[in-house]
Amino acid sequence: MTLSRLLLTPEDGDAAARVSRLRRLGLGERAEPEFDAFADRLATLAAVPYAMVNFIDEHRQFFAGLHQPGDRPLTELAAPDGAGEAPVRHLGREYGFCPHVVVRRKALVLEDVGDYPRFAGNPIVDELGIRSYLGAPLVDRTGMALGTVCAVDVAPRPWGRAGLETIKALAAELAERIERRDGGGI
């Protein structure tokens, strides 16, 4: 087995059902100020340059909430020429770690992605220098993972138990707010 084989995005048997649920909730197609504010809050709490509220479909990840530095945006990977008026809010499923979190339906803590051959060759590691990741799934009342909340840094981070508990609590908080969309709002 080659190293590139290890880096494949995981099979996602729930993608079609997730897309249907996201559409019913009105999620995954546009940026939302509430989610941007949530990503800003997460970035501040975790003291990281990147934080996202991310919804994942069959082909891409969509950052409905995004906090990123102006000098090294994740979204350069989607539009490297800088084209477009607004920041690009999507990346392919092959980028990053969130597709793994959604498929596993479990939080993922990578204190130093270089320690994990499966993740070390991910395009965001090589192209943006991402070194650590902390993410948790947004699980709805049916048990479906709709997306993730995550914090990302360009340096190794000892997230520890406190980081894991924080990201899981924040994901649960946001999942509850998303569930209220069925009743008319976030």
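Q: What is the accessible surface of the chain, and what share of that surface belongs to carbon and sulfur atoms?
A: The chain has an accessible surface of about 8,800 Å², and carbon and sulfur atoms account for 52% of that. Such areas come from the Shrake-Rupley method with a 1.4 Å probe, and for residues only the protein chains shown count as cover. Do keep in mind that this is a predicted model: local features need pLDDT of at least 70, side-chain atom pairs count only at pLDDT 80 or more, and totals for chains, interfaces and linings use all residues. Residues are numbered from 1 along each chain as its sequence is written, and side-chain values use heavy atoms, leaving out hydrogens and water.

Q: What makes Thr148 count as buried or exposed?
A: Buried means under 20% relative accessible area, exposed over 50%, and partly exposed in between (1.4 Å probe, protein chains only). Thr148 has a value of 0%, so the residue is buried. Thr148 is part of strand 6. Leaving aside residues up to four places away in sequence, its contacts (heavy atoms within 4.5 Å) include Met52, Cys98, Val102 and Pro137.

Q: How do you know how the span of helix 3 compares with the expected one?
A: The expected span is 1.5 Å times one less than the number of residues. Helix 3 (residues 33-46) has 14 residues and reaches 20 Å from first to last C-alpha, close to the expected 20 Å.

Q: Why can the buried residues of helix 3 be said to line one face?
A: Seen down the helix axis, they fall within an arc of 160°, so they share one face; the arc is that of the directions from the axis to the C-beta atoms. Among these buried residues are Phe35, Phe38 and Leu42. Their cover includes strand 1 (50-56) and helix 7 (160-179). The face turned away from the buried side carries exposed Pro33, Thr44 and Leu45.

Q: Why is the pair of Phe97 and Phe119 called edge-to-face?
A: Rings of Phe, Tyr and Trp (its six-membered ring) pair if their centres lie within 6.5 Å; planes under 30 degrees apart count as stacked, over 60 as edge-to-face and the rest as tilted. With centres 5.6 Å apart and planes at 75°, Phe97 and Phe119 are therefore edge-to-face.

Q: What makes Arg21 and Asp140 a salt bridge?
A: The rule asks for a side-chain nitrogen of Lys or Arg within 4 Å of a carboxyl oxygen of Asp or Glu. Arg21 and Asp140 meet at 2.8 Å, N to O. Arg21 lies in helix 2 (residues 15-25) and Asp140 in the loop between strand 5 (132-139) and strand 6, so the bridge ties together parts 119 residues apart in sequence.

Q: How do you know whether Arg30 and Glu32 also form a salt bridge?
A: Their closest N and O atoms are 3.9 Å apart, and the pair counts as a salt bridge. Arg30, at 46% relative accessibility, is partly exposed, whereas Glu32, at 5%, is buried.

Terms used
Helices (H or I, at least four residues) and strands (E, at least two) are DSSP runs, numbered from the N terminus.
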